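Biologist: I'm new to this one. Can you put it on screen and walk me through it?

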Amino acid sequence: MGSELNTDLPTRLPPARSSTAEKLLVAASELMIERASIEVSLSDLAQKSGVNSALVKYHFGNKDGPLLALLARDAATEMAQLEYLLAQPITPTAKLKLHIAGIIRAYHQFPYMNRLIHYLLHESIAEAANEVSKFFVAPLLDFHRRLLAEGIECGEFRKIDPVLFYTSLIGACDHLFFARHAMSRATGVGPVTDEVCRQYIRHIEALICGGMLTANTEKAVATSG
């Protein structure tokens with residue numbers, strides 16, 4: 001495993017916007033969590049934050065403005081942590097497991113995140129979808145390419161297509177949260193709790209690692225586990 005894992009990861013990037021804009025994003029985040037919905041209007045933000053409604057429109061323009069800005073803020077933090085993870089002196093398999101856990105925990109911590117991604121990519125204007133692709137999809141896919149290349153080079157991973165890997169992993173992690181209401185109606189399952197997250201992390205680890213680790217790595221993991 002090499003040196004110990006560097007745990008000095010930032011929980012937030014330094015804000016690159018005005019304090020008023022940051023205050024509005026905090027209000028948007030709190031409202032979405034309280035309502036379990038991304039339906040937040042500019043007037044809602046003004047009332048929640050105490051900021052004049054004219055200033056809300058000045059900073060974000062239309063109703064999709066704060067949605068895009070909030071996702072960009074949270075995605076920037078997650079992408080920075082991926083760079084920290086890739087630089088850690090641990091095995092690619094260990095990085096993969098931490099990445100799986102990180103995705104699921106991020107969706108749990110920010111329950112609006114996956115809804116924002118779906119909305120901005122598929123239901124908003126083309127410019128918003130392009131922005132999400134630039135600051136979320138492309139960097140995450142690039143991280144997967146580099147992690148897979150590292151694992152293949154050291155003999156831990158089988159050769160895997162990065163796009164198919166991205167689709168499989170992100171789809172599996174996202175679906176637990178995005179389809180929870182449909183699953184609840186069909187199966188009677190409850191909300192996504194901390195324990196559900198822990199169970200799902202173990203489940204996805206087993207599925208993903210079971211399909212991509214080489215025989216030697218599987219033996220090593222089984223021995224160390």
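Biologist: What share of the protein's residues count as buried?

Modeller: Of its 225 residues, 43% count as buried. Buried means under 20% relative accessible area, exposed over 50%, and partly exposed in between, with a 1.4 Å probe and protein chains only. This is a predicted model: local features need pLDDT of at least 70, side-chain atom pairs count only at pLDDT 80 or more, and totals for chains, interfaces and linings use all residues. Residues are numbered from 1 along each chain as its sequence is written, and side-chain values use heavy atoms, with hydrogens and water left out.

Biologist: How many helices and strands are there?

Modeller: There are 11 helices and zero strands. Helices (H or I, at least four residues) and strands (E, at least two) are DSSP runs, numbered from the N terminus.

Biologist: Which residues are buried in helix α2?

Modeller: Helix α2 spans residues 42-49, and its buried residues are Leu42, Asp44, Leu45, Ala46 and Ser49.

Biologist: What covers them?

Modeller: The cover includes α1 (19-35), α3 (53-60) and α4 (64-86).

Biologist: And Ser49, what does its side chain reach?

Modeller: The Ser49 side chain reaches the backbone oxygen of Leu45 at 2.6 Å. Ser49 counts as buried because its relative accessibility is 10%.

Biologist: Which residues is Ser49 in contact with, leaving aside neighbours within four places in sequence?

Modeller: Those are Lys23, Leu24 and Ala27. Contact means heavy atoms within 4.5 Å.

Biologist: What comes just after α2?

Modeller: Gly50, with a positive phi of about 80°.

Biologist: New topic. Which residues touch the most other members of the largest nonpolar core?

Modeller: Leu96, Ile104, Tyr107 and Phe136 do, in a core of 66 residues. A nonpolar core is a set of buried Ala, Val, Leu, Ile, Met, Phe, Trp, Tyr and Cys residues joined through side-chain atoms within 4.5 Å.

Biologist: What is Ile104 in contact with, beyond four places in sequence?

Modeller: Ile104 is in contact with Cys173, Phe177, Cys197, Tyr200, Ile201 and Ile204.

Biologist: How many aromatic pairs does the structure hold?

Modeller: Two. In one of them, the ring centres of Phe110 and Tyr112 are 6.1 Å apart and the planes lie at 55°, so that pair is tilted. Rings of Phe, Tyr and Trp (its six-membered ring) pair if their centres lie within 6.5 Å; planes under 30 degrees apart count as stacked, over 60 as edge-to-face and the rest as tilted.

Biologist: Are Phe110 and Tyr112 buried or exposed?

Modeller: Phe110 counts as buried at 5% relative accessibility. Tyr112 counts as buried at 3%.

Methods
A polar contact is a pair of N or O atoms within 3.5 Å; within protein, one must be able to donate a hydrogen and the other to accept it, and residues adjacent in sequence count only if both atoms are side-chain atoms.
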